[in-house]
Amino acid sequence: RDKKLPMEVNTLFPIASNTKLFTATLACLLQQKSVLDIDRPVRNYTSSISFYNDELNAKVTTRDLLSHRTGIGRFDGIWGNSDFTREELVWKTRYMKPILGFRESYNYNNIMFTTAGYLMERLTGESWESLTRKMILEPLGMKSTCFTFEEMKKQGNYSLSYYEVDSTKKLATKSYVAISDALGPAGTIKSNVEDMGRWMIAQLNKGMINGKRVFDSTIILQTLVPNAIADKEG
């Protein structure tokens with residue numbers, strides 16, 4: 001808007017929580033490689049992830065983290081406009097008191113997705129960003145998709161959101177400074193129409209794109225399994 005440039009198919013935008021499906025897909029891909037069992041308790045893999053009480057430590061699985069059903073509240077104020085690392089964010093889960101019973105209902109939680117991504121990092125020795133690029137973006141040919149605002153700006157063709165400052169109707173640019181890169185697996189991917197079109201084709205064709213199988217169909221189907229009651233948000 002500032003430069004009066006038209007939007008194009010390769011104009012980058014933050015895709016926010018659409019990132020979450022990439023993280024869930026990555027978990028299923030790692031499960032297929034026997035690196036991760038999404039139904040095994042997280043604490044069975046690492047003691048670096050802890051929850052508020054013994055029940056959660058004994059029972060919370062990666063599937064729970066990705067299904068918004070741990071019963072833990074959002075705690076979004078922890079990552080907003082913070083300089084915590086991903087490891088530091090996840091370390092704080094041990095102090096997050098549940099507001100619902102375990103698997104009682106759906107309660108949206110960004111930090112649980114970040115925790116799932118962090119677990120994948122611990123199991124592979126690679127960053128969530130590296131894993132996502134190697135196992136999802138590159139196989140699909142999503143060449144422009146990136147993870148940080150610095151990467152997005154380097155590509156030059158990008159757009160930001162705007163908001164009304166006051167009653168004068170003047171618009172100002174959102175800076176996104178409050179969105180921490182540490183949140184990663186919950187919502188930091190930046191992409192464009194061209195790349196997201198490839199992602200959607202793979203979803204609709206159960207892992208196929210341009211006649212080539214990129215993901216096994218079971219990977220796509222696993223991410224479509226209903227796992228939580230979502231008639232209301234706690």
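What follows is a friendly chat about a predicted model.

Reader: Let's zoom in on Ile-136. What does Ile-136 touch?

Author: Leaving aside residues up to four places away in sequence, Ile-136 touches Phe-22, Thr-25, Leu-26, Leu-29, Leu-131, Trp-199 and Phe-215.

Reader: Nice. On to helix packing: at what angle do H1 and H6 pack?

Author: The angle is about 80 degrees, and the axes are 10 Å apart. H1 and H6 are therefore roughly perpendicular to each other.

Reader: Which residues make that contact?

Author: H1 brings Thr-19, Phe-22, Thr-23, Thr-25, Leu-26, Leu-29 and Leu-30. From H6 come Trp-128, Leu-131, Thr-132, Met-135, Ile-136 and Leu-137.

Reader: And how do the residues of the H1 contact with H6 divide into nonpolar, polar and charged?

Author: There are 9 nonpolar and 4 polar residues, with no charged ones.

Reader: What about H5 and H6, at what angle do their axes cross?

Author: They cross at roughly 85 degrees, and the axes come within 9 Å. So H5 and H6 are roughly perpendicular to each other.

Reader: How many charged residues are in the contact of H5 with H6?

Author: This contact has 2 charged residues, along with 3 nonpolar and 2 polar ones.

Reader: Speaking of charge, how many salt bridges does a search of the whole structure find?

Author: The search finds 9 of them. As background, side chains of opposite charge can pair when their charged atoms come close.

Reader: Can you walk me through some? Which residue forms a salt bridge with Asp-39?

Author: Arg-63 does, and the closest N and O atoms are 2.6 Å apart. Arg-63 lies in helix H3 (residues 62-65) and Asp-39 in the loop between H1 and H2 (54-59), so the pair ties together parts that are 24 residues apart in sequence.

Reader: Is Arg-63 buried or exposed?

Author: Arg-63 is buried, with a relative accessible area of 13%. Asp-39, at 44%, counts as partly exposed.

Reader: Which residues are linked with Asp-64 in a network of salt bridges?

Author: Arg-69 and Arg-103 are linked with Asp-64 in that network.

Reader: One more, please! Which side chain does Arg-86 meet in a salt bridge?

Author: Arg-86 meets Glu-129, at 2.7 Å from N to O. Here Arg-86 lies in helix H4 and Glu-129 in helix H6, so the pair ties together parts that are 43 residues apart in sequence. Arg-86 is buried, at 10% relative accessible area.

Reader: Changing topic: what is phi of His-68?

Author: Phi is near 55 degrees, a positive value in a residue other than glycine. His-68 sits in the loop between H3 and H4, and His-68 is buried, with a relative accessible area of 8%.

Reader: And where is Lys-206 found?

Author: Lys-206 is in the loop between H8 and strand S5 (208-209). Its phi is also positive, near 55 degrees, and Lys-206 counts as partly exposed at 43% relative accessibility.

Reader: Last stop, Met-96. Is Met-96 buried or exposed?

Author: Met-96 counts as buried, at 1% relative accessibility, and belongs to the loop between H4 and H5.

Reader: So what does Met-96 touch?

Author: Not counting residues up to four places away in sequence, Met-96 touches Tyr-52, Ile-72, Phe-75, Ile-78, Leu-89, Ile-111 and Met-112. Met-96 and Asn-53 are 43 residues apart in sequence, and their C-alpha atoms are 9.5 Å apart in space.

Methods:
Residues are numbered from 1 along each chain as its sequence is written. This is a predicted model: local features need pLDDT of at least 70, side-chain atom pairs count only at pLDDT 80 or more; totals for chains, interfaces and linings use all residues. Side-chain values use heavy atoms; hydrogens and water are left out. Contact means heavy atoms within 4.5 Å. Axes are lines fitted to C-alpha atoms, for helices over the stretch in contact, and angles run from 0 to 180 degrees between N-to-C directions. Helices (H or I, at least four residues) and strands (E, at least two) are DSSP runs, numbered from the N terminus. Angles under 35 degrees count as roughly parallel, over 145 as roughly antiparallel, 65 to 115 as roughly perpendicular and the rest as oblique. Ala, Val, Leu, Ile, Met, Phe, Trp, Tyr, Cys and Pro count as nonpolar, Asp, Glu, Lys and Arg as charged, and the others, Gly among them, as polar. A salt bridge is a side-chain nitrogen of Lys or Arg within 4 Å of a carboxyl oxygen of Asp or Glu. Buried means under 20% relative accessible area, exposed over 50%, partly exposed in between (1.4 Å probe, protein chains only).
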